[in-house]
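Hello,

Here is the structure I promised to pass on to you. Please open it next to this email and follow along as you read.

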Amino acid sequence: MTSIEAWFMDDSDEDHRMPHKLNPNEPVSLKELENIGVFYWKLDADIYETDPALEKIRKDRGYSYSDIITIDKDKLPNYEDKLKMFFEEHLHLDDEIRYILDGRAYFDVRDREDRWIRIAMTKGDLITLPAGIYHRFTLTETNYTQAMRLFVGEPVWKAYNRPADEFDIRQKYVSRVMPMLFSGV
């Protein structure tokens, strides 16, 4: 089953944990997300340790390392500082892969026209953000999520805050995505 909720965000500076939908709402389809390199799967988080669907994704995509992070004020050291850091617009030199095991969160990504798209993540959602895409992360008003972080090889935690257009990976990302803008894909 493939279901994800995503939409273009408003420009409000109010609490970033709120949905920030435009009025009227402008939904973004899974196809539109795929066109900017964002991929999504719906899995059964209750069986993540033995889930054959997750194992197939890991094998097919080379995700050889994983860990679990709980983002909650009572469990994550330096909780407030980490949330601020996660919400800074940034990119990575590698794909970012997250699987929500519990709770809820948002990933915000930039589209081809530099508009924010908010992606609502709930239990069972697995998402990949391509290397070089500008993005950020925040919790919902529930202030809690538990996620599996997946990596190809050893984990790399380095984020590069915007502007970071000088990185080769950003230029490769833009060259992959921008031609689609002009071809109507």
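What covers the buried residues of helix α2 includes β2 (39-42), β3 (65-71), β5 (96-110), β7 (125-129) and β9 (145-151). Covering here goes by contact, meaning heavy atoms within 4.5 Å. Helices (H or I, at least four residues) and strands (E, at least two) are DSSP runs, numbered from the N terminus. Please keep in mind that this is a predicted model, in which local features need pLDDT of at least 70 and side-chain atom pairs count only at pLDDT 80 or more, while totals for chains, interfaces and linings use all residues. Residues are numbered from 1 along each chain as its sequence is written, and side-chain values use heavy atoms, with hydrogens and water left out.

Which residues of α2 are buried? In α2, which runs over residues 52-61, they are L54, I57 and R58. Seen down the axis, these buried residues fall within an arc of 100 degrees, so they line one face of α2. (The arc is that of the directions from the helix axis to the C-beta atoms. Buried means under 20% relative accessible area, exposed over 50%, and partly exposed in between, with a 1.4 Å probe and protein chains only.) An α-helix has 3.6 residues a turn, so residues three or four places apart point the same way. The face of α2 turned away from the buried side carries the exposed residues P52, K56, K59 and D60.

Now try α3 (79-87). Its buried residues are Y79, L83, F86 and F87. These residues cover an arc of only 95 degrees around the axis, which puts them on the same side of α3. On the other side of α3, D81 and K84 are exposed. The cover over the buried residues of α3 includes β3, β4 (90-91), β5, β6 (116-122) and β8.

**The largest pocket**

Rolling a probe the size of a water molecule over the atoms shows where empty space is left. The largest pocket has a volume of about 550 Å³. Its lining is made of 25 residues, of which F86, H92, E96, R98 and W157 lie nearest the centre. (On a 1 Å grid over the protein atoms alone, a cavity is a set of points where a 1.4 Å probe fits but cannot get out, and a pocket is an open set with protein on both sides within 12 Å along at least five of seven lines; lining residues have an atom within 4 Å of a point. Grid points are joined across faces, edges and corners, and a volume is the space filled by probe spheres set on the points.)

Which element gives the largest share of this lining? That is β5, with four residues. By class, the lining has 13 nonpolar, four polar and eight charged residues. (Ala, Val, Leu, Ile, Met, Phe, Trp, Tyr, Cys and Pro count as nonpolar, Asp, Glu, Lys and Arg as charged, and the others, Gly among them, as polar.)

Most residues other than glycine have a negative phi, and most peptide bonds are trans. H20, not a glycine, has a positive phi of about 55 degrees; H20 is buried, with a relative accessible area of 9%. N78 also has a positive phi, near 55 degrees, but N78 is exposed, at 56%. The peptide bond from N23 to P24 is cis, with omega near 5 degrees. Another cis peptide bond joins R162 and P163, where omega is about 10 degrees.

**Two buried strand residues**

T145 lies in strand β9 and is buried, with a relative accessible area of 1%. A polar atom of the T145 side chain lies 2.9 Å from the backbone oxygen of D102. M121, in strand β6, is buried too, at 1%. Leaving aside neighbours within four places in sequence, M121 is in contact with R98, I100, G103, R104, A105, F107 and I127.

Happy exploring!

Note on methods. Polar contact = N/O pair within 3.5 Å; in protein donor to acceptor, adjacent residues only side chain to side chain.
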